[in-house]
Amino acid sequence: MTMKLSTDPSAATLLPIAKKEGIATVWDRHRAMQPQCGFGQLGVCCRICWKGPCRIDPFGDGPQRGICGADADTIVARNVIRMIAAGAAGHSEHGRHVALALQGVAEGRLPAYQIRDEAKLRAVAAKLGICTEGQDVPAIAAAVAKATLEDFQNQDHDAPCNWIEATLTKKRLERLQALHVLPHNIDAVITQIMGRTLVGCDADPVNLILGGIKGALADFDGMCLATELSDALFGSPTPVVTAANLGVIKPDAVNIAVHGHNPLLSEVVCEVAGQMDEEARKAGAKDGINIVGICCTGNEVMVRHGIPLAANYLSQELALVTGAVDAMVVDVQCIMPSVSEIGACFHTAVITTMAENKIPGATHVDFKEEAALESARRIVATAIEAYKRRDPRRVNIPDVKQTAIVGFGVESVVGALATLNAADPLQPLIENIANGNIRGIALFAGCNSTQVAQDSSFVTMAKKLAANNVLMLATGCGAGSFAKHGLMTQEATLEYAGESLKGVMTAIGTSAGLNGPLPLVLHMGSCVDNSRAVQVAVAVADKLGVDLDQLPLVASAPEAMSEKAVAIGTWSVALGIPTHLGTMPQVTGSAKVTELLTQTAKDLLGGYFLVELDPNLAADKLLEVIEERRKGLGI
Ligand code: CUV
């Protein structure tokens with residue numbers, strides 16, 4: 001295969017080492033998997049019952065219906081909405097954990113946690129319409145947790161989830177209500193998708209996709225609550241200077257990589273690591289304990305505490321190939337099962353922590369919020385023990401890292417803008433969009449995929465959009481890509497931003513005390529933090545008196561792969577945002593479903609999917625969409 005596998009410079013150093021050591025990586029397995037199943041790629045393979053598997057012949061010569069009679073439209077629609085349900089389940093389980101933790105803190109049951117951001121808690125309470133007057137912090141936390149947990153329990157179909165109702169524009173809520181796609185209960189909506197896609201149930205592709213949209217909006221609800229309650233517990237992000245890529249691993253430290261998604265684990269590991277630093281030094285690590293992040297856990301601790309990011313999704317295995325990671329601590333989602341085997345090639349302890357997420361060959365340390373400190377101590381002690389077994393001759397840490405200024409939550413963005421206009425912080429942003437200094441806003445989200453040379457589509461698109469004066473926000477592994485490639489720096493703004501964008505970024509950055517422009521791409525956090533970008537957009541829309549589908553706002557997941565990305569992309573469309581996918585979605589075996597998602601959605605919701613695998617063309621198309629939206633607004 002001649003295709004470049006990764007544009008991450010650390011991969012160039014480490015892939016040959018992996019090869020020499022006989023370690024297979026994600027790219028080797030990708031190659032071994034070629035050619036991949038065409039039926040699966042089109043979404044026309046059905047494994048929903050044991051009369052099957054069935055598959056529809058895309059060329060029209062063979063079967064056009066499965067054994068039960070389901071045609072390609074039904075099969076594709078069922079498959080894709082099951083993906084949405086899985087994505088929504090992942091995010092909302094994460095959200096539920098955080099909400100239950102908040103409840104535990106309110107009741108004084110969780111000594112490892114506290115409310116670190118009281119202002120955020122109060123703001124959330126106000127948003128949910130909870131009266132806080134005369135209430136102390138535990139009482140407010142209890143009320144917020146209760147209102148949040150109702151989103152998992154409410155049985156009244158006509159009462160939408162509390163968080164979604166508190167978050168979106170009025171017009172958007174009405175539009176979604178009219179389509180009967182507003183979720184009333186996250187768990188119920190996910191269950192409904194599983195139920196309606198059983199053999200012999202919903203066969204109408206339009207009805208199925210509408211059910212999927214409802215599931216995606218449940219995903220959005222789970223994300224909003226996960227983000228906001230995590231901020232209340234762990235602090236809202238503020239701008240911080242840190243670094244990204246595998247060069248953040250230190251040769252003389254006990255390196256602990258925190259990997260996965262949920263901050264409930266990583267926050268406590270970070271805290272305990274600080275307390276156990278001396279033990280690491282006693283074991284011979286003269287730089288003590290060094291925590292580094294991978295994937296969205298990495299993003300969570302990066303935007304809140306400036307913990308450096310070692311890797312995004314596709315280079316998680318390479319972190320182990322450095323031979324200098326002493327423990328990789330994982331919770332849920334996006335953890336390649338291969339890490340335990342690669343860890344075993346070295347001295348690395350791969351530690352799973354969640355009862356429902358184990359990996360053969362890994363060490364399991366059960367993590368429960370009630371005993372979080374004890375578990376975290378065991379985890380850190382395991383890392384120190386592993387460090388003692390590290391073979392220094394097998395250490396290869398690539399000398400690759402980039403500075404990254406990160407931590408742009410809604411509060412910090414508004415705070416920076418407030419330095420220009422304290423009375424009306426959004427005004428400078430709106431003014432600059434209206435006068436065209438900023439043409440539009442693009443949210444980059446989503447994963448890495450082996451379908452694309454790692455990080456390449458993110459970087460190519462961002463440079464082109466920047467040159468055309470588009471303000472960029474990023475989350476998830478997209479944010480990881482930009483951080484690793486030096487696009488979250490002030491220098492990048494000076495180098496790549498178009499003149500008018502550069503002027504605005506410099507004015508905001510300088511007045512906010514950054515001694516120069518804002519970084520080219522603003523890091524908003526993990527995947528669940530996509531809700532932050534929506535909050536900014538809703539605030540702008542409300543101020544202008546328009547709905548989200550009128551704003552010059554686009555989203556892009558150029559290297560999407562996870563079912564979670566399918567859920568996120570779908571709610572993005574449902575919120576009225578044109579949403580680019582740079583990898584081929586597994587739906588093209590149904591012309592009807594493809595048309596629904598890429599065209600009909602535009603009439604129904606204002607948002608739609610735009611599939612373009614070439615990042616240069618994708619950027620052009622998004623620029624066109626932005627100009628079309630500007631025209632609609634008369635700006
Ligand atoms: Ni939640 S979902 S590969 S870590 S962004 Fe990264 Fe982000 Fe996709 Fe996973």
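**Packing, ligand and domains**

Author: Leaving out residues up to four places away in sequence, F444 touches F458, M461, A462, L465, M472, L473, A474, T475, F482, S556 and P558, where contact means heavy atoms within 4.5 Å. This is a predicted model, in which local features need pLDDT of at least 70, side-chain atom pairs count only at pLDDT 80 or more, and totals for chains, interfaces and linings use all residues. Residues are numbered from 1 along each chain as its sequence is written, and side-chain values use heavy atoms, with hydrogens and water left out.

Reader: How many residues has the largest nonpolar core, and which have the most contacts inside it?
Author: The largest nonpolar core has 188 residues, and those with the most contacts inside it are Y113, V144, L168, I289, F444 and M472. Another core, of 37 residues, lies apart from it and includes A243, A257, V339 and A362. A nonpolar core is a set of buried Ala, Val, Leu, Ile, Met, Phe, Trp, Tyr and Cys residues joined through side-chain atoms within 4.5 Å. Buried means under 20% relative accessible area, exposed over 50%, and partly exposed in between, with a 1.4 Å probe and protein chains only.

Reader: Which residues of helix 18 are buried?
Author: In helix 18 (residues 426–434), the buried residues are L426, P428, L429, I430, N432 and I433. They pack against helix 17 (410–418), strand 11 (440–444), strand 12 (470–475), helix 22 (499–511), helix 23 and helix 26 (615–633). After helix 18 comes G436, whose phi is positive, near 90 degrees. Helices (H or I, at least four residues) and strands (E, at least two) are DSSP runs, numbered from the N terminus.

Reader: Now the ligand. Which residues surround it?
Author: Around the ligand are H261, C295, C296, Y313, C334, G446, C447, C477, C527, M561, S562 and K564, each with a heavy atom within 4 Å of it. This shell divides into eight nonpolar, three polar and one charged. Ala, Val, Leu, Ile, Met, Phe, Trp, Tyr, Cys and Pro count as nonpolar, Asp, Glu, Lys and Arg as charged, and the others, Gly among them, as polar.

Reader: And what coordinates the nickel atom?
Author: The nickel atom of the ligand is coordinated by H261 (NE2), C296 (SG) and C527 (SG), at 2.2 to 2.7 Å. C296, in helix 13 (residues 295–305), and C527, in the loop between strand 13 (521–525) and helix 23 (530–544), are 231 residues apart and link distant parts of the chain. Donors are N, O and S atoms within 2.8 Å of the metal (3.2 Å for Na, K and Ca); water is not among the atoms, so sites may look incomplete.

Reader: Are C296 and C527 buried or exposed?
Author: Both C296 and C527 are buried.

Reader: Why does the ligand lie between domain 2 and domain 3?
Author: Domain 2 (246–394) and domain 3 (404–633) both give residues to the shell around the ligand, so the ligand lies between them. Domain bounds come from an automatic or database domain assignment.

Reader: What about domain 1?
Author: Domain 1 spans 72–234.

Reader: One last topic: where is T352?
Author: T352 is in strand 8 (residues 349–352). T352 counts as buried because its relative accessibility is 1%.
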